[in-house]
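Visitor: Could you show me how to read a few features of a protein model? I am new to this.
Guide: Gladly; let us look together.

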Amino acid sequence: MAELQEVQITEEKPLLPGQTPEVAKEAELAARILLDQGQTHSVETPYGPITFTVYGTPKPKRPAILTYHDVGLNYKSCFQPLFQFADMQEIIQNFVRVHVDAPGMEEGAPVFPLGYQYPSLDQLADMIPCILQYLNFFTIIGVGVGAGAYVLSRYALTHPDTVEGLVLINIDPNAKGWMDWAAHKLTGLTSSIPEMILGHLFSQEELSGNSELIQKYRNIITHAPNLENIELYWNSYNNRRDLNFERGSDITLKCPVMLVVGDQAPHEDAVVECNSKLDPTQTSFLKMADSGGQPQLTQPGKLTEAFKYFLQGMGYMASSCMTRLSRSRTASLTSAASLDGNRSRSRTLSQSSESGPLPSGPPGHTMEVSC
């Protein structure tokens with residue numbers, strides 16, 4: 001009987017006809033580089049096409065980070081400083097990102113024809129399932145600013161099972177009242193659309209200071225080739241419905257939420273009110289000093305650090321490297337965690353330029369923190 005010999009078989013990926021292993025490896029590397037640089041897609045929805053850009057590859061059992069920008073911006077001008085920040089790289093290596101551009105806001109977008117009916121913010125939220133279905137993604141962690149924060153909140157109300165967490169910057173969940181409408185109309189008589197949008201994005205102190213950042217964004221909005229489209233998005237934002245958040249009711253955000261606003265920002269009062277209406281055991285409130293109206297542009301380091309804590313509280317990135325500010329607070333955070341026992345606790349983070357310890361407190365109570 002012939003002697004049997006053990007042969008080890010190595011599984012290999014099938015090659016295309018005529019394709020050598022070297023060519024296949026180069027193709028795989030090129031595809032990965034393309035994903036890291038971002039792939040832009042457009043998908044049809046019941047309310048028209050929507051464009052989004054995907055970075056990275058999906059990670060098993062991890063949600064995608066999905067962003068939605070504010071009025072007057074697109075995903076690059078709204079989020080690029082944050083996601084290109086050095087300490088953010090550890091986060092984006094662990095999650096695939098989907099950056100959504102509101103209709104007509106993407107780079108090179110043609111101007112909509114006269115009489116075009118721009119989607120309402122509720123309809124913009126209803127476009128998100130088409131994106132997730134196209135990408136075959138099941139859950140997201142949403143990061144939204146201003147109008148984008150509203151859109152993601154509306155989506156989370158109607159699709160709670162697909163949202164694992166929300167970071168909402170400058171959210172105003174309330175519809176405009178009569179006084180707001182009167183003020184808006186009067187402002188419209190004396191100010192141009194770009195100036196009104198700038199007043200929405202930045203504080204009066206920032207606009208008066210006319211810093212390099214303000215000059216840059218004034219130039220972006222004033223000379224935008226799709227300014228007519230921006231005005232349509234602006235009108236939809238000003239016609240938003242009340243989200244009707246109510247603490248203890250069914251109309252609330254069921255996932256962990258981090259509310260963020262800059263001190264002296266135009267939306268500070270609205271974000272504070274929103275915080276009072278959400279579940280305190282699921283909500284963190286971060287008021288950032290020296291950040292103006294757009295914390296993701298002016299304080300990407302502090303926001304990145306807070307985002308890391310937020311993800312760790314959700315059970316992700318447990319072994320994440322801590323930033324310099326994080327290391328100085330390790331003992332305080334450990335003390336607070338030992339009192340907690342779980343990740344569902346409410347805390348208010350009020351950031352200033354000085355670093356200080358994180359005081360501990362009983363679970364379920366709001367803690368004022370200076371850091």
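Visitor: In which loop does Gln264 lie?
Guide: Gln264 sits in the loop between β7 (257-262) and α11 (268-277). Those labels are DSSP runs numbered from the N terminus: helices are H or I with at least four residues, strands are E with at least two. This is a predicted model, where local features need pLDDT of at least 70, side-chain atom pairs count only at pLDDT 80 or more, and totals for chains, interfaces and linings use all residues. Residues are numbered from 1 along each chain as its sequence is written, and side-chain values use heavy atoms, with hydrogens and water left out.

Visitor: What is the phi of Gln264?
Guide: Most residues other than glycine have a negative phi. Gln264 is not a glycine, yet its phi is positive, about 65°. Asp290, also not a glycine, has a positive phi near 55°. Asp290 lies in the loop between β8 (283-288) and α12 (295-298).

Visitor: Is Asp290 buried, exposed or partly exposed?
Guide: Buried means under 20% relative accessible area, exposed over 50%, and partly exposed in between (1.4 Å probe, protein chains only). Asp290 has 48%, so Asp290 is partly exposed.

Visitor: How do α7 and α10 cross?
Guide: Axes are lines fitted to C-alpha atoms, for helices over the stretch in contact, and angles run from 0 to 180 degrees between N-to-C directions. The axes of α7 (residues 193-201) and α10 (residues 227-238) come within 11 Å and cross at roughly 50°. Angles under 35 degrees are roughly parallel, over 145 roughly antiparallel, 65 to 115 roughly perpendicular, and the rest oblique. So α7 and α10 are oblique to each other.

Visitor: Which residues of α7 and α10 meet?
Guide: Contact means heavy atoms within 4.5 Å. On the α7 side are Ile193, Pro194, Met196, Ile197 and His200, which meet Leu227, Ile230, Glu231, Trp234 and Tyr237 of α10.

Visitor: Which residues do ring pairs link into a cluster?
Guide: Rings of Phe, Tyr and Trp (its six-membered ring) pair if their centres lie within 6.5 Å; planes under 30 degrees apart are stacked, over 60 edge-to-face, and the rest tilted. Ring pairs join Phe112, Tyr116, Tyr118 and Tyr233 into a cluster. The count by this rule is 10 aromatic pairs. For Phe112 and Tyr118, the centres are 6.0 Å apart and the planes at 65°, so the pair is edge-to-face. Tyr118 is buried, at 4% relative accessible area.
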